[in-house]
Amino acid sequence: MLVPLGCSHDVTHLRDILFQATRHGGTEDTYALHLADLTTRRLIKGDSVSSRGFPTWSPDGRSIVYVREFGDSDELYILDTIGGTPRRIVGQLHGTSGLPDWSPDGKSILFTAGPSYQHEGAYIIRADGSGLRAVLSDSVNEYRYPSWAPDGKQFAVATWSRSGSAILVVDVASGSRRQVLAADTIYLDCPQWSPKGDVLLLTVYPSGVYPWENPSVNDARADLATLNLRDGRLRFVTADHDRLNNYGRWSRDARWIVFQSDRHAPPFRDSTATHYRFDSLEIYIVRPDGSGLRRVTTNTYFDGHPSW
């Protein structure tokens with residue numbers, strides 16, 4: 001059941017949601033969604049050869065880090081002033097780079113990079129473009145979606161190898177790691193640390209197989225869940241099972257989660273047509289306990305990769 005937004009102060013006081021969207025003309029641009037009236041404004045425009053995706057506000061809300069996505073390589077940019085000129089902080093790293101996350105002090109950015117989606121590592125760079133280094137990178141494991149802890153000293157990251165998937169907590173300074181959750185029959189992805197520091201938000205896929213290796217509609221199903229770091233309990237936030245609910249991000253007060261979903265779309269009859277599913281993605285918000293579900297974009301275009 002969807003709950004109308006109305007004028008509820010508990011969400012309208014929050015800052016705008018950033019998201020990646022396709023509109024008329026076919027470019028993928030970065031938009032901001034104002035929850036008080038559900039209006040959108042384009043902040044960063046793509047072009048015919050590259051999109052502007054995975055946007056994330058800096059902690060002070062003054063800058064946006066985003067990925068300029070090409071066909072076979074990506075670059076990281078920061079927009080310091082709305083309407084200003086973006087500056088590149090990471091050039092082409094011989095493959096993919098993306099999924100950036102600001103450090104709590106706004107001085108550094110974690111991101112994923114690698115020669116392919118199956119061989120990615122976790123990297124860190126200062127916001128001025130200096131100090132690039134790999135924190136996690138090897139030829140056996142894939143590391144995705146690094147997310148800073150509120151203390152700025154560690155981060156969570158999803159890892160996958162042929163033996164299964166897991167969520168790690170990594171010390172930034174030393175690179176030492178500890179496993180907080182592992183699975184061999186499901187796939188764990190997209191961890192994000194709660195601003196309160198006690199919970200991780202995850203995406204859980206129903207198969208232990210890497211979901212994008214041989215993608216089909218049946219593989220592109222997922223739900224959001226939270227992992228309590230104190231007692232290790234995993235609790236589902238969404239439970240659609242046959243729908244895609246993923247890429248969850250916390251609001252700054254940890255009272256809401258924004259995510260992308262195709263839960264509103266009709267059933268997909270072609271089991272290999274994943275593009276239909278992704279073209280149908282819209283932005284939703286929900287409370288961590290699964291209540292208060294609200295759809296906040298409604299159109300016939302791709303809206304995805306939201307963040308608060």
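Analyst: Start with D231, which lies in the loop between strand 18 (223–228) and strand 19 (234–236). Strands here are DSSP runs of E with at least two residues, helices are runs of H or I with at least four, and both are numbered from the N terminus. The model is predicted, so local features need pLDDT of at least 70 and side-chain atom pairs count only at pLDDT 80 or more, while totals for chains, interfaces and linings use all residues. Residues are numbered from 1 along each chain as its sequence is written, and side-chain values use heavy atoms, leaving out hydrogens and water.

What does the side chain of D231 reach? The backbone nitrogen of R233, at 2.9 Å. That is a polar contact: N or O atoms within 3.5 Å, where within protein one must be able to donate a hydrogen and the other to accept it, and residues adjacent in sequence count only if both atoms are side-chain atoms. D231 also has a C-alpha to C-alpha separation of 9.9 Å from D198, which is 33 residues away along the chain.

Now the whole chain. It holds two helices and 24 strands. Of its 308 residues, 54% are buried. Buried means under 20% relative accessible area, exposed means over 50%, and partly exposed lies in between (1.4 Å probe, protein chains only). The accessible surface is about 13400 Å², with 49% of that belonging to carbon and sulfur atoms. Areas come from the Shrake-Rupley method with a 1.4 Å probe; for residues, only the protein chains shown count as cover. Take contacts, meaning heavy atoms within 4.5 Å. Among contacts between residues at least 6 apart in sequence, 43% join residues at least 24 apart.

Four strands lie in the order 3-2-1-24, paired antiparallel. Strand 3 (39–44) and strand 24 (303–307) are the edges; each has a single partner strand, so one side of each has no neighbour in the sheet. The twist averages 35° from one strand to the next. Axes are lines fitted to C-alpha atoms (for helices, over the stretch in contact), and angles run from 0 to 180 degrees between N-to-C directions. Strand 2 (residues 28–34) runs antiparallel to strand 3, with five bridges between them. Two strands pair if DSSP finds at least two bridges.

Rings of Phe, Tyr and Trp (its six-membered ring) pair if their centres lie within 6.5 Å; planes under 30 degrees apart are stacked, over 60 edge-to-face, the rest tilted. By this rule there are seven aromatic pairs. F19 and Y31 have ring centres 5.9 Å apart and planes at 25°, so they are stacked. F19 sits in strand 1 (residues 17–22) and Y31 in strand 2, twelve residues apart. F19 is buried at 0% relative accessible area, and Y31 is buried at 9%.

F54 and Y247 are tilted, because their ring centres are 6.0 Å apart with planes at 55°. This pair spans 193 residues, from F54 in strand 4 (residues 51–57) to Y247 in strand 20 (residues 245–250). Both F54 and Y247 are buried. Ring pairs join Y145 with F54 and Y247 in a cluster.

Strand 12 (residues 142–148) is antiparallel to strand 13 over five bridges, with Y143 opposite T159. Five residues separate the two strands of this hairpin, and G152 in the turn has a positive phi of about 70°. Strand 13 (residues 154–161) has seven of its eight residues buried, so the rest of the structure largely encloses it. Its other listed partner is strand 14 (residues 164–171), antiparallel over eight bridges. There F155 stands opposite V170. A two-residue hairpin connects strand 13 and strand 14.

Last, strand 10 (residues 119–126). Six of its eight residues are buried, so read strand 10 as mostly covered. Three bridges pair strand 10 antiparallel with strand 11 (residues 133–136), and I124 faces R133 across the pairing. Their hairpin has six residues between the strands, where G129 takes a positive phi near 95°.
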